[in-house]
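Reader: I would like to learn how to read a sheet, its helices and its pockets from a set of coordinates. Please take me through one case.

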Amino acid sequence: MEAAAISDGEMINYSNIASDCRVAAITVKAYYQIQKDTLMGYEIPAYAKVVKRKMVQDPKFYYFDVGLTNYLMGRHRLRRGSDDYGHAFEHFVMQELMAYRGYYRRREKISYWHTYNNQEVDAIIGYAKVAIEIKASEEVKTHHKNGLNSFKEDHPDCRLILVSLDPITRPSGEIELIYVDDFLKVLRNCEIF
């Protein structure tokens, strides 16, 4: 479970994990399947609709609750601005997206988008209906929008959202910058699309 917690929210490479744990890759894959079957965790698949770019196709794994991941990682006090805080923040928002999907949009697939030149969007709802980037930053910077802007080139009709700790919800060109508390209200009110 600790090895899965280390790679929580990251692309799963069964061979690398197997090498670290000194077991066969098929054993690691079976272990992740048990985690999913017992609802201890879930996978977010890679976005499969390829337009122009070569895409990474490995899934990401998340435990069902960010608290479990923090416990397994020994993270008791998260300092804002740290990498651990950023991972926990992303996991929390993904957890809320999965709950939203479970309650309101069961048929909508949630995936992530990652190119081989490291452009990434954390969550894609449906077939490019909504693209969501998650940043634990208190001030959104231009480079935080790069993945969304790249995704928009291939999917011009997609709604673009950047969820962050920046307290002012506002538009920024074609991207909606949404404070995390406001984003949770958007989900709760089913206003995502």
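This is a predicted model: local features need pLDDT of at least 70, side-chain atom pairs count only at pLDDT 80 or more; totals for chains, interfaces and linings use all residues.

Reader: In which sense do β3 and β4 pair, and over how many bridges?

Author: The pairing is antiparallel and covers 4 bridges. The two strands form a hairpin, with 5 residues between them. In that turn, N118 has a positive phi of about 65°.

Reader: How many bridges join β4 to β5?

Author: There are 3 bridges, and β4 and β5 run antiparallel. A123 stands opposite I132 in β5. Here too the strands form a hairpin, this one with 4 residues between them. The residue with a positive phi, about 65°, in this turn is G126.

Reader: What is the order of the strands in the open sheet?

Author: The sheet has 6 strands in the order β3-β4-β5-β6-β8-β7, and the pairing is mixed. Its edge strands are β3 and β7 (170-172), each of which pairs on one side only. On average, neighbouring strands of this sheet are turned by 30° against each other, direction ignored.

Reader: Is β4 mostly covered or mostly open?

Author: β4 is mostly covered, as 5 of its 6 residues are buried. The cut-off for buried is under 20% relative accessible area.

Reader: Where does helix α7 lie?

Author: Helix α7 (residues 180-188) lies across β5, β6 and β8. The helix runs at about 105° to β8.

Reader: How are pockets found, and how much space lies in the largest pocket?

Author: Rolling a probe the size of a water molecule over the atoms shows where empty space is left. In this model the largest pocket holds about 240 Å³ of space. Its lining consists of G81, S82, D83, G86, H87, E90, E120, D122, E133, I134, K135 and A136. The elements that give two or more residues to this lining are α5 (83-104), β4 and β5. The largest share, 4 residues, comes from α5.

Reader: How does the lining of the largest pocket divide by class?

Author: This lining has 6 charged, 4 polar and 2 nonpolar residues.

Reader: How much space lies in the second largest pocket, and which residues line it?

Author: About 170 Å³ of space lies there. The second largest pocket is lined by K36, L39, M40, G41, Y42, E43, F64 and M98. Strand β1 (residues 41-44) gives the most to this lining, with 3 residues. By class, the lining of the second largest pocket divides into 5 nonpolar, 2 charged and 1 polar.

Note on methods. Residues are numbered from 1 along each chain as its sequence is written. Side-chain values use heavy atoms; hydrogens and water are left out. Two strands pair if DSSP finds at least two bridges between them. Axes are lines fitted to C-alpha atoms, for helices over the stretch in contact, and angles run from 0 to 180 degrees between N-to-C directions. Contact means heavy atoms within 4.5 Å. On a 1 Å grid over the protein atoms alone, a cavity is a set of points where a 1.4 Å probe fits but cannot get out, and a pocket is an open set with protein on both sides within 12 Å along at least five of seven lines; lining residues have an atom within 4 Å of a point. Grid points are joined across faces, edges and corners, and a volume is the space filled by probe spheres set on the points. Ala, Val, Leu, Ile, Met, Phe, Trp, Tyr, Cys and Pro count as nonpolar, Asp, Glu, Lys and Arg as charged, and the others, Gly among them, as polar. Buried means under 20% relative accessible area, exposed over 50%, partly exposed in between (1.4 Å probe, protein chains only).
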